[in-house]
Amino acid sequence: IQNGQLKDVHHLAFGIRDLVGALAKQAGVAAAPPLAGMVEQVKASATKLDALGDAGNLSGTQEEYAKLETVLKAIKSAAGPR
């Protein structure tokens, strides 16, 4: 994203989505509604990043990535120290 290489954004976004989903499943996030909601936000953000990247929309991709980073930081905070 920093270099404007948007053709590979979907691979990275969906990779993050899949990893977050797998970690959530392993951790039993279904029992924690706030975390489950954040996992859904990651999924939605990955879909948006895919569309924005495919459209060549650099500013939109950057904005959506910033949102994704915020959600990932919130998940990390909610999960607590390990």
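Is D18 buried, exposed or partly exposed? D18 is partly exposed, with a relative accessible area of 44%. The terms work like this: buried means under 20% relative accessible area, exposed means over 50%, and partly exposed lies in between (1.4 Å probe, protein chains only).

1. **Ground rules.** This is a predicted model, in which local features need pLDDT of at least 70 and side-chain atom pairs count only at pLDDT 80 or more, while totals for chains, interfaces and linings use all residues. Residues are numbered from 1 along each chain as its sequence is written, and side-chain values use heavy atoms, with hydrogens and water left out.

2. **Overall fold.** The chain has three helices and zero strands. From the N terminus the order is α-α-α. Helices (H or I, at least four residues) and strands (E, at least two) are DSSP runs, numbered from the N terminus.

3. **Overall dimensions.** The C-alpha trace spans about 40 × 20 × 15 Å along its principal axes. A compact globule of 82 residues would have a radius of gyration near 12 Å; the chain has 13 Å, which agrees. That radius is taken over C-alpha atoms, and the globule rule is 2.2 Å times the number of residues to the power 0.38.

4. Of the 82 residues, 26% count as buried. Among contacts with a separation of 6 or more, 67% come from residues 24 or more positions apart. Contact means heavy atoms within 4.5 Å.

5. **Helix 2, length.** The 22 residues of helix 2 should span 32 Å at 1.5 Å a residue; the end C-alpha atoms are 32 Å apart, which agrees. The expected span is 1.5 Å times one less than the number of residues. After helix 2 comes G56, with a positive phi near 75°.

6. The buried residues here are L35, M38, V39, V42, S45, A46, L49, D50 and G53. Seen down the axis of helix 2, they fall within an arc of 140°, so they line one face of the helix. The arc is that of the directions from the helix axis to the C-beta atoms. P33, P34 and D54 are exposed on the other side. The cover over the buried residues of helix 2 includes helix 1 (9-27) and helix 3 (58-79).

7. **D50, a charge to check.** D50 lies in helix 2 (residues 33-54). D50 is buried yet has no salt bridge. The nearest side chain of opposite charge is R17, 7.9 Å away. Lys and Arg count as positive, Asp and Glu as negative; His and the chain ends are not counted. Setting aside neighbours within four places in sequence, D50 is in contact with H10 and F14.

8. **Salt bridges, the count.** A salt bridge is a side-chain nitrogen of Lys or Arg within 4 Å of a carboxyl oxygen of Asp or Glu. By this rule the count is three.

9. **R17 and D18.** R17 forms a salt bridge with D18, and the closest N and O atoms are 2.8 Å apart. R17 is partly exposed, with a relative accessible area of 27%. For D18 the value is 44%, also partly exposed.

10. **E40 and K43.** This salt bridge has its closest N and O atoms 3.3 Å apart. Both residues lie in helix 2, three residues apart, about one turn of the helix. K43 is partly exposed at 35% relative accessibility. E40 is partly exposed at 45%.

11. **E64 and K67.** The side chains of E64 and K67 meet in a salt bridge of 4.0 Å, N to O. The two lie in helix 3, three residues apart, about one turn of the helix. E64 counts as buried, at 8% relative accessibility.

12. **Helix 3.** Helix 3 has 22 residues and reaches 31 Å from its first C-alpha to its last, close to the 32 Å expected at 1.5 Å a residue. G60, T61, E64, L68, V71 and I75 are its buried residues. Seen down the axis of helix 3, they fall within an arc of 90°, so they line one face. On the other side, E63, T70, K73, K76 and S77 are exposed. The buried residues of helix 3 pack against helix 1 and helix 2.

13. **T47.** T47 sits in helix 2. T47 counts as partly exposed, at 47% relative accessibility. Its C-alpha atom is 11 Å from that of Y65, 18 residues apart along the chain.
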